[in-house]
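Trainee: Could we go through this model together, starting with the core and then the strands around it?

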Amino acid sequence: MSIVNGTGKPRLEITKGSGAVVTIDFPLLPEEGSYEDPNPQETVHDAFDHEDIPDKHGFKPKWILDFSSGYDGVDLLQLRHLLERDVKKIVFVPHVDLPGRKFEVRLLNFGTLKRIGSSAHGGVKLIFQSTKMLDAIPFPQAALSGKLWQDLDDDTWGDHAASVWHFFM
């Protein structure tokens, strides 16, 4: 878990069509299977000399919240708000101890609900993606944080081995 990006629980703020806001606080995430991905967006063009020319657009961060080992049934009932028709906006806060780091997202995949045994509640794996294109790396304290696409030449962008990325939940 990255201390730089926060260590608190994740939170969803769901705004419904009526204007009501439902807040869902998740339990702390298990480190395995849960992660953040900056998800760079680019288009690769074929040049006249058959070289690939990437056209970098920005980032659409993606988050995977993996509770597949188990999730409380009462909390699971709250997730129904994600699936209702009158959802106007979903805001995801990866860690409540850094409330300024929030992203408007859409639910890409609700995952598979599993039941463990006859009485234990199953788990769920949620995948969210930002609805807005971000033009800077949105991860504080990362080696390239705040750099715009135009600042990244081939030398900087081609070698990530020297960069310390803080993309972890």
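Trainee: Which residues of the largest nonpolar core touch the most other members?

Mentor: Keep in mind that this is a predicted model. The core has 20 residues. Among its sources are β1 (11-16), β2 (21-25) and β9 (124-130), each of which supplies at least two residues. The members with the most contacts to other members are L12, F26, L65, L79, L82, L126 and F128.

Trainee: What does L126 touch, not counting residues up to four places away in sequence?

Mentor: L126 is one of the core residues that touch the most other members. Leaving out residues up to four places away, its contacts are F26, W63, I64, L65, L79, L107, N109 and F110.

Trainee: Which residue of β9 stands opposite W63?

Mentor: β6 pairs with β3 (residues 35-37) in the antiparallel sense over three bridges, and there E36 stands opposite W63. β6 also pairs with β9, again in the antiparallel sense, over six bridges. In β9, the residue opposite W63 is F128.

Trainee: Does Q129 count as buried or exposed, and why?

Mentor: Q129 lies in strand β9. Beyond its neighbours within four places in sequence, Q129 contacts N39, Q41, K60, P61, K62, E104, V105, R106 and L108. The cut-off for buried is under 20% relative accessible area. Because its relative accessibility is 9%, Q129 counts as buried.

Key. Residues are numbered from 1 along each chain as its sequence is written. This is a predicted model: local features need pLDDT of at least 70, side-chain atom pairs count only at pLDDT 80 or more; totals for chains, interfaces and linings use all residues. Side-chain values use heavy atoms; hydrogens and water are left out. A nonpolar core is a set of buried Ala, Val, Leu, Ile, Met, Phe, Trp, Tyr and Cys residues joined through side-chain atoms within 4.5 Å. Buried means under 20% relative accessible area, exposed over 50%, partly exposed in between (1.4 Å probe, protein chains only). Helices (H or I, at least four residues) and strands (E, at least two) are DSSP runs, numbered from the N terminus. Contact means heavy atoms within 4.5 Å. Two strands pair if DSSP finds at least two bridges between them.
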